[in-house]
Amino acid sequence: MATAVPAERDAVVRALDGLPGVDVIAAGVGPALAAASTATALTTARLEGAPYDLVVSAGIAGGFAPHAPVASLVVADEITAADLGAETPDGFLPVTELGFGTVTHRPPEALVREVAAATGARPGAVLTVSTVTGTAVRAERLRESHPTALAEAMEGFGVAEAAAAHRTPVLELRAISNPVGPRDRAAWRIGDALAALTEGFGKLAPVLESWNPHDPHDSHDR
């Protein structure tokens with residue numbers, strides 16, 4: 001499990017403490033540091049002869065209202081880098097339209113369904129950004145470009161890139177602390193989101209214990 005900051009890590013640990021084979025790290029804020037920290041953890045585990053079967057990006061996030069209200073849970077059916085590309089006179093172009101790179105990773109479909117059923121999390125796209133949205137205009141633009149987007153965070157795509165490099169499936173589960181849009185720190189409910197994260201991972205534990213990464217009926221894109 002990779003969170004951004006220690007408070008998120010602790011919220012997950014409270015739910016999963018004692019579950020065998022599960023490690024939770026505070027990988028850092030932003031896609032670059034999250035990717036580097038996750039890759040280091042994956043490499044270390046592989047060198048020690050105990051590679052991970054799954055990588056999970058977890059934490060709190062902004063939610064696109066009204067689709068993902070505060071204190072609700074979202075599970076990513078796609079993890080997309082929303083601002084990786086180029087601004088042009090005709091608008092934003094993702095890096096893939098420039099002829100290289102990747103902008104989306106898709107978690108295993110069956111696992112997403114099981115997580116949604118167990119936790120009540122709504123499945124949808126979780127966007128990764130390097131600059132958090134602070135205006136209604138940008139929130140609307142992101143939602144127009146990614147109609148299934150439910151949440152915005154800063155680490156998921158970096159975690160997914162590291163997982164893909166190790167050919168390991170990835171999952172992203174987020175608890176909503178605030179709406180995406182104009183920044184109003186006074187209205188953020190970080191405590192409620194962290195509590196929802198703990199509750200969600202408590203319900204997720206049986207899914208993680210029973211999930212088979214080699215199930216031929218499941219698939220995920222790299």
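Modeller: Buried means under 20% relative accessible area, exposed over 50%, and partly exposed in between (1.4 Å probe, protein chains only). This is a predicted model, in which local features need pLDDT of at least 70 and side-chain atom pairs count only at pLDDT 80 or more, while totals for chains, interfaces and linings use all residues. Residues are numbered from 1 along each chain as its sequence is written, and side-chain values use heavy atoms, with hydrogens and water left out.

Biologist: Is Arg174 buried or exposed?

Modeller: Arg174 sits in strand β10, residues 170–179 (a DSSP run of E, at least two residues; helices are H or I, at least four). Because its relative accessible area is 1%, Arg174 is buried.

Biologist: Which side chain joins that of Arg174 in a polar contact?

Modeller: A polar contact is a donor–acceptor pair of N or O atoms within 3.5 Å. At 3.4 Å, the partner of the Arg174 side chain is that of Ser57.

Biologist: How far apart are the axes of α2 and α5?

Modeller: Ala34 and Leu42 are among the α2 residues that meet α5, where Val159 and Ala163 take part (heavy atoms within 4.5 Å). Helix α2 (residues 31–47) and helix α5 (residues 156–165) pack at about 35 degrees, and the distance between their axes is 7 Å.

How values were computed. Axes are lines fitted to C-alpha atoms, for helices over the stretch in contact, and angles run from 0 to 180 degrees between N-to-C directions.
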